[in-house]
Amino acid sequence: MKKILVVGAGGQIGSELVPYLRSVYGSHNVVATDVRECKNLAEDGPFEVLDALNPTTMASVVARHNLDTIFNLVALLSAVGERNPQMAWGLNMGALLNALEVARQHSCAVFTPSSIGAFGPTSPKDGTPQDTIMQPTTIYGICKVTGELLSNYYTQKYGIDTRSLRFPGIISNKTLPGGGTTDYAVEIFYEAIRNGKYTCAVPSDVYMDMIYMPDALRAIVELMEADPAKLVHRNSFNVASMSFTPEIIAAEIRKHIPEFTMDYDIDPVKDQISRSWPNYLDDSCAREEWGWKPKWDLELTVADMLEAIRYKLGHNR
Ligand code: AKB
């Protein structure tokens, strides 16, 4: 049974990963932490305020609770990172280095999300392989590639069990993402239900990989439970389940809300970032090495998202 520290638990992934981990490993075995109080995470298990940039406090939480696994979810995402690259580097790399150092001192395993953003315009666009050219042009992507290399280094040099997934845009109905290029694929549902229309900041024809949160959560636990002897790769695995353009998701939403309309007000930063990312990843290494298999496609995801967000907003559109 793992005893887990989640750092940066109040964000989009953490606010659903913590309850999921608690359901798998028991509430008392999952210590959620964030730089701010998070009432929802403190209700059903241990919660502590923790600044991920403070390694002493992180180490003391690990020691006090006798923890053996760290999930480091701290990140400034791609679009917001471009507004303040120095801050993005400081936060993304600082939190990761602290997590790895605490893991080295206290013999913990470490999970860190990487991203499709680790690839760049020189990577093959279609069926982007697991091992290929990685020359991202965003500070977020540069942090992700560096983070992958640094995590592999801690495994080679110190024997730390580090593992990671290159996540697509994550679609979820609980917590809104913030500052990402793929955020449109979540916002679109709220606007479709509230107003029947959405103004999209990403170009109509750009394909990007996306994943529904239940698949993302299952992937994290399956990877962390995988037999290490079977892992050829560690940091980081391509995972994929669906790829679409804004026009394709809008058409799928229109099957449920026929009057839904979408126009465009392209954000130049998101335009440049989205065009530099792959159309879709090849995730065959994840499938072969630890049995990854997505369950949610676009059709199922859209139907489930609309039902959940209608309920949440008390709407019947
Ligand atoms: C972003 O858009 O920055 C993230 C990601 C794909 O890593 N959602």
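From which domains does the lining of the largest pocket draw at least three residues each? From domain 1 (4-167 + 213-238) and domain 2 (170-210 + 241-281 + 293-313). Those bounds come from an automatic or database domain assignment.

Before you click around: this is a predicted model, where local features need pLDDT of at least 70 and side-chain atom pairs count only at pLDDT 80 or more, while totals for chains, interfaces and linings use all residues. Residues are numbered from 1 along each chain as its sequence is written, and side-chain values use heavy atoms, with hydrogens and water left out.

**Stop 1: the two domains**

Colour domain 1 and domain 2 separately. Their C-alpha centres sit 24 Å apart. Domain 1 puts 29 residues into the contact and domain 2 puts in 30, with contact meaning heavy atoms within 4.5 Å.

**Stop 2: the largest pocket**

Now select Gly11, Gln12, Leu73, Ala75 and Leu77, which lie nearest the centre of the largest pocket, out of 42 lining residues. On a 1 Å grid over the protein atoms alone, a pocket is an open set of points with protein on both sides within 12 Å along at least five of seven lines, a cavity is a set where a 1.4 Å probe fits but cannot get out, and lining residues have an atom within 4 Å of a point. The pocket's volume is about 840 Å³, that is, the space filled by probe spheres set on the points, which are joined across faces, edges and corners.

Show helix 4 (78-83), strand 5, helix 6 (139-158) and strand 8 (169-171): each supplies at least two lining residues. Strand 5 gives the most, with three. (Helices, H or I of at least four residues, and strands, E of at least two, are DSSP runs numbered from the N terminus.) Colour the lining by class and you get 22 nonpolar, 15 polar and five charged residues. Here Ala, Val, Leu, Ile, Met, Phe, Trp, Tyr, Cys and Pro count as nonpolar, Asp, Glu, Lys and Arg as charged, and the others, Gly among them, as polar.

**Stop 3**

Pick Leu96, Thr112, Pro113, Lys144 and Gly147, the closest to its centre among 16 lining residues. Helix 5 (85-106), strand 5 and helix 6 each give two or more residues to this lining, and helix 6 gives the most, with five. By class, the cavity lining has six nonpolar, eight polar and two charged residues.

**Stop 4: the nonpolar cores**

Select Val6, Leu21, Phe71, Leu165, Phe167 and Trp290, which have the most contacts inside the largest nonpolar core, a set of 36 residues. A nonpolar core joins buried Ala, Val, Leu, Ile, Met, Phe, Trp, Tyr and Cys residues through side-chain atoms within 4.5 Å; buried means under 20% relative accessible area, exposed over 50%, partly exposed in between (1.4 Å probe, protein chains only). Elements giving two or more residues include strand 1 (4-7), helix 1 (14-25) and helix 11 (284-290), while helix 8 gives the most, with eight.

Zoom in on Phe71: beyond its neighbours within four places in sequence, its contacts include Val6, Leu21, Phe111, Ile220 and Met224. Apart from this core lies another, of 34 residues, among them Tyr184, Cys200, Ile253 and Ile273.

**Stop 5: Leu281**

Finish on Leu281 in strand 14 (residues 280-281). Buried or exposed? Leu281 is buried, with a relative accessible area of 5%. Leaving aside neighbours within four places in sequence, Leu281 is in contact with residues including Ile116, Phe119, Arg166, Asp209 and Asn238. Leu281 and Asn238 are 43 residues apart in sequence but 6.5 Å apart in space, C-alpha to C-alpha.
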